[in-house]
Amino acid sequence: MVREQSGLGKGTAGFCGAGSRVRLIGMRRSVGVVGLVVGALVGAPLSAEAGRGGLQRELDGVVGVAGVGAQVEVREGRRVWRGRSGVGEVGTGRAVPLAGRFRVGSVTKTFVATAVLQLVGEGRVGLEDPVLKWLPGVRAEGVTVRQLLDHTSGLYDVLNTLPRPPEAEFYANRWRTWTADELIARALVHPPTSKPGVVYKYSNTNYLLLGEIVEKATGVSYAEAVERRVIRPLRLRDTYFPGTSTAIQGPHAHGYVPGPDGPLIDYTKMNPSVFGAAGELISSTRDLDTFMTALLGGRLLSPELLRAMRTPGVEGGRYGLGLTWRTTTCGTTVYGNDGDALAYQTWVFSTADRRQRVALLLTPNFDVDSDDVVDAFLDKAFCG
């Protein structure tokens with residue numbers, strides 16, 4: 001669900017995404033060399049360099065080092081470049097679908113945070129509301145809604161309680177249905193890692209709790225609330241909450257995790273209830289671009305709430321209320337989120353004026369940490 005912030009790398013965490021990725025480095029795939037598939041130009045190229053294959057070469061480099069396959073959408077104003085590299089399924093030579101769907105991991109948190117902030121704008125939830133006001137049976141003394149959103153709650157991360165490859169229990173849990181209550185209880189049996197509001201510490205537990213608060217405030221599940229408030233109004237046709245459904249609907253690349261004996265195994269199908277409100281969502285590069293453009297353009301939140309979303313929880317931090325940001329090598333600040341959903345890794349970022357935007361999916365090979373090579377691609381896309 002999550003990863004820790006470091007350098008320009010993913011600024012968020014995930015079960016999923018920003019803050020502390022589910023990293024499985026050091027486990028080799030032993031599946032042979034994955035051939036590269038040439039990307040595709042769609043519409044007007046972003047620049048002469050992109051047209052000559054500059055971005056394609058960068059994308060090929062990402063996959064050559066860290067991935068099985070990748071798809072990307074890069075926009076500059078009204079110009080767009082969509083590319084792909086690697087394969088959509090090991091052993092087939094099948095291309096990654098340019099319009100494919102994938103598990104977005106912690107990018108889900110930005111959708112959930114948007115719904116929470118809409119409820120704040122309507123006066124139905126307060127940023128300074130104690131969590132215990134909404135969930136009186138939860139061991140979250142002194143924690144507020146704001147601190148859940150910006151990861152300063154100090155609550156223990158449920159991710160640290162879950163088995164990972166190559167532990168046998170990880171594979172045994174593949175089809176298991178988890179409830180939010182069960183996951184929250186696993187986390188909160190552990191003491192807090194810090195006092196509320198003191199330090200930034202990414203925790204997927206925060207967004208599991210926010211999902212429960214949304215349900216209490218609206219009378220519907222967090223999935224239904226986000227669908228009503230964000231997905232349907234923006235007509236995000238590729239975006240949905242799968243619940244306990246194990247398959248990805250529509251065209252998609254296959255995703256992989258290290259198997260118990262080392263080689264990658266296909267992990268495309270799995271029960272995503274383990275992610276919950278912290279990272280369950282499925283989407284596409286097109287839909288993520290539409291969402292981030294609408295969010296930063298003020299279509300979903302008031303100017304005041306959007307400013308709050310872009311305000312760090314701690315001085316000098318890079319994570320606000322469900323939104324993160326980073327500075328590229330050319331000095332450009334970009335806003336968005338990233339996510340890790342085991343077999344799928346996602347980045348979606350935009351300049352504040354929405355003129356330049358990037359949405360990228362990678363199906364990792366776990367030979368290396370993908371952040372460094374993806375950061376190079378983002379720098380190329382935003383800085384030329």
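1. Helix α2 (residues 54-66) lies across β1, β2 and β10 (356-364), and runs at about 30 degrees to β2; here contact means heavy atoms within 4.5 Å, and angles, which run from 0 to 180 degrees, are taken between N-to-C directions of axes fitted to C-alpha atoms, for helices over the stretch in contact. Helix α10 (residues 285-296) lies across β1, β8, β9 and β10, running at about 35 degrees to β9.

2. On the basis of these remarks: this is a predicted model, in which local features need pLDDT of at least 70 and side-chain atom pairs count only at pLDDT 80 or more, while totals for chains, interfaces and linings use all residues. Residues are numbered from 1 along each chain as its sequence is written, and side-chain values use heavy atoms, with hydrogens and water left out.

3. The protein chain has twelve helices and ten strands, these being DSSP runs (helices H or I, at least four residues; strands E, at least two) numbered from the N terminus. Of its 384 residues, 61% count as buried, that is, under 20% relative accessible area with a 1.4 Å probe and protein chains only.

4. Six strands form an open sheet in the order β2-β1-β10-β9-β8-β7, with antiparallel pairing; its edge strands, β2 (79-86) and β7, each pair on one side only. Neighbouring strands of this sheet are turned by 20 degrees against each other on average, direction ignored. Two strands are taken to pair if DSSP finds at least two bridges between them.

5. At the β2 end of the sheet, strand β1 (residues 67-76) and β2 pair in the antiparallel sense over eight bridges, and the bridge partner of E73 in β2 is R82.

6. Strand β8 (residues 333-340) is largely enclosed by the rest of the structure, because seven of its eight residues are buried. Four bridges join β8 to the antiparallel strand β7 (residues 324-327), with G336 of β8 as the bridge partner of T324; the hairpin of these two strands has five residues between them, and G331 takes a positive phi near 90 degrees. With strand β9 (residues 345-351), β8 pairs in the antiparallel sense over seven bridges, and N337 stands opposite V348 in β9; this hairpin has four residues between its strands, and L342 in the turn has a positive phi of about 65 degrees.

7. Helix α3 (residues 107-121) is mostly covered, 14 of its 15 residues being buried, and G123, which follows α3, has a positive phi near 75 degrees.

Key. Buried means under 20% relative accessible area, exposed over 50%, partly exposed in between (1.4 Å probe, protein chains only).
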